[in-house]
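Let me put the model up on the screen and then talk you through it.

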Amino acid sequence: MDLQMLTYLFVGGSFALYIGIAIYTRAGSTKEFYVAGGGVPPLANGMATAADWMSAASFISLAGIISFMGSDGTGYLMGWTGGYVLLAMLLAPYLRKFGKFTVPDFVGDRYYSSAARLVAVICVIFISFTYVAGQMRGVGIVFSRFLEVDVNTGVVIGMAVVFFYAVLGGMKGITYTQVAQYCVLIFAFTVPAVFLTYQITGHVLPQTGLGATLDGGQSVLATLDGLVTDLGFKEYTEGKKSTIDMFFITAALMCGTAGLPHVIVRFFTVPKVKDARTSAGWALLFIAILYTAVPAVAAMGRVNLINTVNGADGSGTAYAEMPAWFKNWESSGLIGWNDVNGDGKVQYANGKAFTGNGKPAFDGDKRGPNGERAVTNANTEAKPVGKAPHANEVYVDRDIMVLANPEIANLPNWVIALVAAGGVAAALSTAAGLLLVISTAVSHDLLKKTFAPNISEKQELLAARAAAVIAITIAGLFGIYPPGFVAQVVAFAFGLAAASFFPVILMGIFYKRMNKEGAIAGMSVGLAFTFSYIVYFKFVSPGDNNAAHWLLGVSPEGIGTLGMILNFIVSFAVSSMTPPPPKEIQELVESIRVPRGAGTASAH
């Protein structure tokens, strides 16, 4: 069976499975729509949490970012996994004992303020829409290659699928759909990882293959160091980022993980407080299966890419002789070739083959003299870089590394089709969770709890579904016009979560003196500072987005840590200078930290 038919079979079959689960588990009440009725077993919830959190950034983009950044990319690994330890130990069980539907619900009741709830809703919307932009873009990237449609059409298809099972099933449908999606995505990631590792090193496990010795007598990492330095890149194992920036990026991702609203809400779906902690443990285990394989996939994929493009002697490969995968991805716009020196060879090195942001702008279906797609922004003055004997002529979108790896390595067609299904599963699972959080914030926290407390449950459920429809539409627009590559966009969302929610939740649990004035001021300052910093360097003045202009040398990806510190300082200072919370709130804070009597779920 050819690749296209297998892809339709795998992706179509997975869609049918997700929609079937959504129909079978459709929500019939607001409690089922918001928290799946509060009866999800810890094992299933751990699996659903892993799928909810291991988004397109983890499946599609993480290996790609490490492939190109080398050791600088390890902050993403450490931050995204370390955050689950914080979540399991510091937040999950206490939030579950508090027993509310959402993070704004916790903030509104803990800080006895509708204003605090409203600020929390604004934070949820900012974080979730930033995050969901990356997921919808990930769906578009998968479809653009494997279903042979453009990226924007792929985004629209993804919107339609998410619309069906998120709007119909709510959290109940999403939870059991995510269990299936986890099984699909983890199988889709590990199978090609095992194939790739065995092909290059002779090892079966990617976790051990990274340190294996190749035929030339060098390890994978030493071989990659030699390849990239010969092409003018910095050594793969030598980081370019400063220590402070690496620390801030890692901390932002860790604390952002612990403050992500769509992850936190998953711990409201289990029956007991103990189950919340158990769920977090299962989720960390399920996540580790993928994350421990990522470094090997990243390094081996980069070795394969360089050797395939530049050929055995490193001088380049004639375009006419390039394998089919290169031309397939070129058609999607995620790989571009500009024949700078006119020799008909594809040559990859350090440098820009295209002007502007480095991405190729293709001129319709026009072709160059060697059959390449014609580009409108070719930089004809590109020169050799570093030790490279030629100029760079190739643009490679880092988000394709995992998706293209099986094709580059000539793996069987069924493996390539499986990866396509896994990429879609990863993106859709997180997108659905985020969209549900947005719709819940609007229908429950804004409508029911703030502006229209007397509406019936049926009206609230209808409002939640309507809000989900609007959220999906906006998310699709973000996917079509993304503010960056997938992992980068997601990193911004984590920074916003760290700067806004993590301090207010942590202090709300462990600091009785924390009051509504402190919470509102802290969230507002943290969110405003972090969002403004990201917008300035990414959109207002992208030319200044370098260490020479960053505050304290901290990049936009890591600025959430500084926003979090400001949040803590402002929250503590304002709380100290304003009246303490009411006595019943202080007693509530004491009660949620006491393990005795924690076995029963709180009333909603």
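Quick housekeeping before that. This is a predicted model, so local features need pLDDT of at least 70 and side-chain atom pairs count only at pLDDT 80 or more, while totals for chains, interfaces and linings use all residues. Residues are numbered from 1 along each chain as its sequence is written, and side-chain values use heavy atoms, with hydrogens and water left out.

OK, the overall picture. The protein chain has 22 helices and 6 strands. Those are DSSP runs numbered from the N terminus: H or I of at least four residues for helices, E of at least two for strands. There are 604 residues in the chain, and 60% of them count as buried. Buried here is under 20% relative accessible area, exposed is over 50%, and partly exposed is in between, with a 1.4 Å probe and protein chains only. As for contacts, meaning heavy atoms within 4.5 Å, take the ones with a separation of 6 or more: 81% of them join residues 24 or more positions apart.

Now look at helix α11, residues 243–259. Its 17 residues reach 24 Å from first C-alpha to last, close to the 24 Å expected at 1.5 Å a residue; that expected span is 1.5 Å times one less than the number of residues. How many of its residues are buried? The count is 13 of 17, so α11 is mostly covered.

Two partners of α11 are worth a look. Take α21 to start with, residues 559–577: the two axes come within 6 Å and cross at roughly 65°. Axes are lines fitted to C-alpha atoms, for helices over the stretch in contact, and the angles run from 0 to 180 degrees between N-to-C directions. That makes α11 and α21 roughly perpendicular, going by these cut-offs: under 35 degrees is roughly parallel, over 145 roughly antiparallel, 65 to 115 roughly perpendicular, and the rest oblique. Their crossing is left-handed, as in the near helix being turned anticlockwise from the far one by less than a right angle; clockwise would be right-handed. From α11 you have Phe248, Ala251, Ala252 and Cys255, meeting Gly560, Thr561, Leu562 and Met564 from α21. By type, the residues of that contact are 6 nonpolar, 2 polar and no charged.

On the α5 side the residues include Gly75, Gly79, Trp80, Gly82 and Gly83, and on the α11 side Met246, Thr250 and Cys255 are among them. The tally for this contact is 12 nonpolar, 7 polar and no charged.

Next, helix α20, residues 516–540. Its 25 residues should span 36 Å at 1.5 Å a residue, and the end C-alpha atoms are 33 Å apart, which agrees. Its buried residues include Gly518, Ala519, Gly522, Met523 and Gly526. Remember that an α-helix has 3.6 residues a turn, so residues three or four places apart point the same way. Ala519 has 0% relative accessibility, so it's buried. Leaving out residues up to four places away in sequence, Ala519 touches Tyr111, Val504 and Met514.

Over to Trp325, in helix α15. Buried or exposed? Trp325 is buried, at 4% relative accessibility. Its C-alpha is 5.9 Å from that of Glu407, 82 residues away along the chain. Glu407 and Ile408 are among the residues that Trp325 touches.

Last stop, backbone angles. Most residues other than glycine have a negative phi, and most peptide bonds are trans. Tyr112 has a positive phi near 40°, and sits in the loop between α6 and α7. At 25% relative accessibility, Tyr112 is partly exposed. Asn410 also has a positive phi, about 60°, and lies in the loop between α16 and α17. With a relative accessible area of 66%, Asn410 is exposed.

That's my tour, thanks.

Definitions and conventions
Nonpolar A, V, L, I, M, F, W, Y, C, P; charged D, E, K, R; others polar.
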